[in-house]
Amino acid sequence: MKVNVISWNVRGLNRPRKREKIKSCINTWKADVYCFQESKLEGDITRIVKDLWANKWGKFAQLEASGTRGGILLMWDSRIWDGEISSLASYSISCKFTGKTQDFTWHLTSIYAPNDREEREEVWWEVGAARGLFNGPWIVCGDFNTVRFPSEKKNCNRFTRAMTDFSEFIEDMGLVDLQLLGGRFTWRKGDRHNFATRLDRFLISKDWDEGFKNINTINSS
């Protein structure tokens with residue numbers, strides 16, 4: 001079995017031109033599950049989802065934005081997976097996915113964490129609480145708005161308390177930090193990318209069965 005998951009901090013899905021770009025990517029990637037962070041969407045988004053993904057079997061769940069801040073959209077192909085929300089919190093949404101043609105169940109948590117370290121502590125708490133609701137294979141992905149090591153942030157040469165907090169969360173949850181391919185950073189700013197850091201990542205549970213480790217992941221920002 002192959003589990004194809006794409007996670008992307010899209011920085012807003014309100015503009016039609018942005019949605020056209022994302023729709024083009026979806027048509028190219030052809031994944032089973034899509035996780036879009038910072039959707040900036042509220043209310044009924046059925047029309048927007050149909051605009052993004054021309055798949056009549058597409059289903060979705062969302063964590064609404066607060067005004068113009070945050071928001072998460074999950075979409076999946078219901079021919080392959082039955083999806084069910086298992087936890088909806090302030091900064092994360094968790095879903096249970098059950099195979100339609102094969103006997104396999106897994107969970108996914110998508111995160112859009114705040115910049116403030118104290119507020120981020122709530123993320124670690126709510127994700128831990130969500131994990132207490134289920135067992136088995138688990139993927140945690142999204143924009144964590146922090147890094148683990150100085151090397152993951154341009155011109156940074158010291159460890160911070162926020163880095164330690166993040167690493168402790170990963171260890172406490174029994175997660176494995178997947179290697180980032182294609183570059184060191186997932187977010188850049190400035191004409192010469194004077195500011196760059198790795199804010200986005202995929203984490204998987206250690207109990208992910210050896211027979212189902214073929215996870216294709218794209219994490220973009």
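1. The largest nonpolar core has 22 residues, and V5, V33, W106, L108 and I139 have the most contacts inside it. Such a core is a set of buried Ala, Val, Leu, Ile, Met, Phe, Trp, Tyr and Cys residues joined through side-chain atoms within 4.5 Å; buried means under 20% relative accessible area, exposed over 50% (1.4 Å probe, protein chains only). Among the elements giving two or more residues to this core are β1 (3-9), β2 (33-37), β7 (105-112) and β8 (138-143). Strands are DSSP runs of E, at least two residues, and helices runs of H or I, at least four, numbered from the N terminus.

2. The model is predicted: local features need pLDDT of at least 70, side-chain atom pairs count only at pLDDT 80 or more, and totals for chains, interfaces and linings use all residues. Residues are numbered from 1 along each chain as its sequence is written, and side-chain values use heavy atoms, with hydrogens and water left out.

3. Beyond its neighbours within four places in sequence, W106 is in contact (heavy atoms within 4.5 Å) with residues including V3, W81, C95, P137 and W208. A second, separate core of 18 residues includes W8, L13, A31 and L41.

4. The count of disulfides, pairs of cysteine sulfur atoms within 2.5 Å, is zero. For C95, the nearest cysteine sulfur is that of C35, 8.7 Å away. C95 is buried, at a relative accessible area of 0%.

5. In helix α1 (residues 16-29), K18, R19, I22, C25 and I26 are buried. The buried residues of α1 pack against β1, β2, α2 (46-52) and β4. The face turned away from the buried side carries the exposed P16, R17, K21 and T28.
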